[in-house]
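Please read them with the structure open beside you.

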Amino acid sequence: MTTLTFPLSRIEGHAQVEIDIQRGKVVSTRFKATELRGFNVFVQGVPAEQMPVIVPRICGVCSTAHHVTAVKTLEDAYGVTPPPLASRIRSLLLLGQLLQNQATSLFIFTMPDRVDVDSVFEMDEDVIDPTMRFEISRHALKVRELGTDLITLAGGQFIHPVRAVVGGVNAGIPAERVQTMLQRLEEGLPLACDLFDAYWELTNRMKDRIGSWGDDQPAYYITSTDRVRPDFNTHEIRVMAPSGECCEIFSPREFKDVLELKEREYSYAAETSYKGGVIRANSLARANMTAHMGTKVANGYLHRLRIEYGTPAHPIMLFDLGRGIELVYAIERAIQMLQQPLEGEDTDVPYTPRDGEGYGLVEAPRGPLIHHYVIERGKIASAEFVIPTVHNMRAIERALKVAAERYVHADEVDLELERAVGRVVRAFDPCIACATH
Amino acid sequence: MTEERPSTHASAQIPRFAVLQLSGCAGCEVSLLNAHEWVDRFELTYMPLVSSAYAVPEVDILLISGGVRTDEDLFHLKHAVKKAKRVVAVGTCAISGGVANLGNRDEVRQLFLHQEERLHVPRLLPKSRPVDDFVPIDLYLPGCPPTPELFMAALLDPKNYQASLTVCQECGRKKLKDMKPDHLVGFQKGNVDPEICLVNQGYLCIGTSTRGGCRAPCTRAGHPCVGCRGPSNALIEKDSKAWLETIQKVFHTMTNVPDDELREALLSPQLALFLFQFSDYAGEDKAPRSKDKVL
């Protein structure tokens, strides 16, 4: 038996793919997370109130999702409900994260694959089709910076936010700062749409060239976003069966009864399944499980996706397009939210810390994120982090198998396999720092 | 020697840099992406987060983020520094372990040993280590993460970069003589007064002795400084005891918080974030890092 090993780049964190081949047949595919920091272990003994500032350090890409989830977990344990203004500011913070993440995944991680270059910085002068010349790197960095600036506005610090506190937020957002951000988002919207149009076009061209990305088969889908329109500051999780029917609705405290969570010996990341079946989380799950986007331009894109691919849709390349739709949505929705005042109301409610157990949930860009803490004498006795990427582990390996079987032949291995491995993994936009925490 | 052609010569003028990410959160890389003025002035030759390149080539500047946690981290680190003219340790994890120091407590390390059951993954080292335990460093850029402005300074002209001495000087909140809290309030609370110094409001803010340069985003947003940039130049060549004493003096002057309460808040080994401040700038058995090497 031969094992092919592929190092991975343009994803968050350290991981590699291994493909076992015997006599021209693919025996197995493994997606291995090769790092571990151990947050679930080393937060033991930490004062519970510090969690919202410690856990963003699990991941500098998904820090906002961890920050908000930590606060919600403590609020669940203490029995606190934040006032409406605090919830609005937290939602805005999560939109900033969505904007930043989807822009990064689209333009920095996956767009270079479409024109077969190593990085976005090689895309400005060297695009295959001269009619599509664009200053991709500058524009892409500008769009993703809007996300960072929205996080800074709503979250205080630019990478590891500090604004959400147990009971609410520590302050509102002054009107003059809101105005500046509004103006920049309005300028950024057409820029993001232009980039996404180019991305969609390049994606179609690559589809014409290579056909499928790797796995077009149905799976279970999981999300916590609202069934009518997107929402990221969420409270319950839904599972959709391969047939398209909703088959499960559960609260974060029930996750162990609903999902099977399993450690794997060849990776520092675990995996989940639903009734033994493969689950998919992230943008395609949301596109399949939300009626519409609730904003004009993003809705137009979603409509186009549904006309071209139906609903529910299953080809994994649609994860990438789904992210673009959400990028546009995040800008439009942030513009709507910034038009409402974000100060002048109660920012928080009083509370008394108490020992016990809490669960928190948000829809992170990669899917539902759950934190679970047990608090004893004011300190964390145990902590669990159920990471969206972990839901996708089996889906990634299944898609890798489909791709490998296509490019591994009895007498040779097609070198396209290396590119296919990158495309498959990046479609799921895994976050390894989070998955291993 | 043959004469270089002008085009080759022109590209040789652009400094090349690489980014090696060890065990960390990628927050430093995200911050670097926000500092995009470098796009026109530098050639980025290696940064797995954004580019498909699998080995560090010869570079002028190597930025290293993250701590040394696995044998693979150590391998990459030792290979990469040989290729670089100037090596910069970026972020708290690379410089002192940062939040990962929490995992170096003995009771936690025991739990880490369970990971030995796993197969074919990089082995964990007994402790997470800062990069200068293994390789020489030319410049330290502390922060969790460093701001885009600091990244640009580190790349362009670290010697002439001028920043305020402390976070306190950059914060702009008003210090009041007659507002002395009797006790510390919680670490993170709502309803923060937007104008008044956080110490006056009873927060354990250590911006008075934390290195400036970040422009105080946390304290301006109403969150106490947790010291992620480490000690200011006045304290950086002394041991962490001197830093603690300075903070205690500030609280003696500005508050009526009893000594015991303050000591417990500052010294509790469980006070995770404040490990940033114990970060071994004056190392366990190593000489302190020279302030000339810290940006």
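1. A helix's expected span is taken here as 1.5 Å times one less than its number of residues, and helices (H or I, at least four residues) and strands (E, at least two) are DSSP runs, numbered from the N terminus. On that basis the 22 residues of α10(A) should span 32 Å, and the 33 Å between its end C-alpha atoms agrees with this. Before going further, please note that this is a predicted model, in which local features need pLDDT of at least 70 and side-chain atom pairs count only at pLDDT 80 or more, while totals for chains, interfaces and linings use all residues. Residues are numbered from 1 along each chain as its sequence is written, and chains are lettered from A, and ligands numbered from 1, in the order in which they are written.

2. A residue is called buried if 20 or more other C-beta atoms lie within 10 Å of its own, exposed if 12 or fewer, and partly exposed in between, with C-beta atoms placed from the backbone. Because 15 of its 16 residues are buried, α3(A) is largely enclosed by the rest of the structure. Just after this helix, G79(A) takes a positive phi of about 70°. α10(A) is also mostly covered, with 19 of its 22 residues buried.

3. V55(A) sits in the loop between α2 (51–54) and α3 of chain A. How many C-beta neighbours does V55(A) have inside 10 Å? There are 27, so V55(A) counts as buried. Contact between two residues means that their C-beta atoms, placed from the backbone, lie within 7 Å; leaving aside neighbours within four places in sequence, V55(A) is in contact with F39(A), H66(A) and A70(A). V55(A) and F385(A), although 330 residues apart in sequence, are 9.8 Å apart in space, C-alpha to C-alpha.

4. Two packed helices are described by the angle between their axes and the distance between the axes. Axes here are lines fitted to C-alpha atoms, for helices over the stretch in contact, and angles run from 0 to 180 degrees between N-to-C directions. The axes of α9 (residues 296–309) and α10 (residues 317–338) of chain A come within 7 Å and cross at roughly 160°. Angles under 35 degrees count as roughly parallel, over 145 as roughly antiparallel, 65 to 115 as roughly perpendicular and the rest as oblique, and α9(A) and α10(A) are therefore roughly antiparallel to each other. Their crossing is left-handed, a term used if the near helix is turned anticlockwise from the far one by less than a right angle, with right-handed used if clockwise. Among the residues that meet are Y301(A), L302(A) and L305(A) in α9(A), and L321(A), I325(A) and V328(A) in α10(A).

5. The axes of α11 (residues 388–407) and α12 (residues 416–427) of chain A come within 10 Å and also cross at roughly 160°. These helices are therefore roughly antiparallel to each other, and α11(A) passes α12(A) in a right-handed crossing. The residues making the contact include I396(A), L400(A) and Y407(A) of α11(A), and E416(A), L417(A) and V424(A) of α12(A).

6. One joins T311(A) and P312(A), with omega about -5°, and P312(A) lies in the loop between α9 and α10 of chain A. Another joins C144(B) and P145(B), with omega about -10°, and P145(B) is found in the loop between β7 (139–141) and α6 (148–156) of chain B.

7. Positive phi values also occur at residues other than glycine. R377(A), in the loop between β13 (367–376) and β14 (379–386) of chain A, has phi near 45°, and R377(A) is exposed, with 8 other C-beta atoms within 10 Å. R215(B) has a positive phi of about 70° and lies in the loop between α7 (167–171) and α8 of chain B; with 15 other C-beta atoms within 10 Å, R215(B) is partly exposed.

8. Finally, the contact between the chains takes 57 residues from chain B and 60 residues from chain A. On the side of chain B that touches chain A, α2(B) supplies the largest share, 6 residues.
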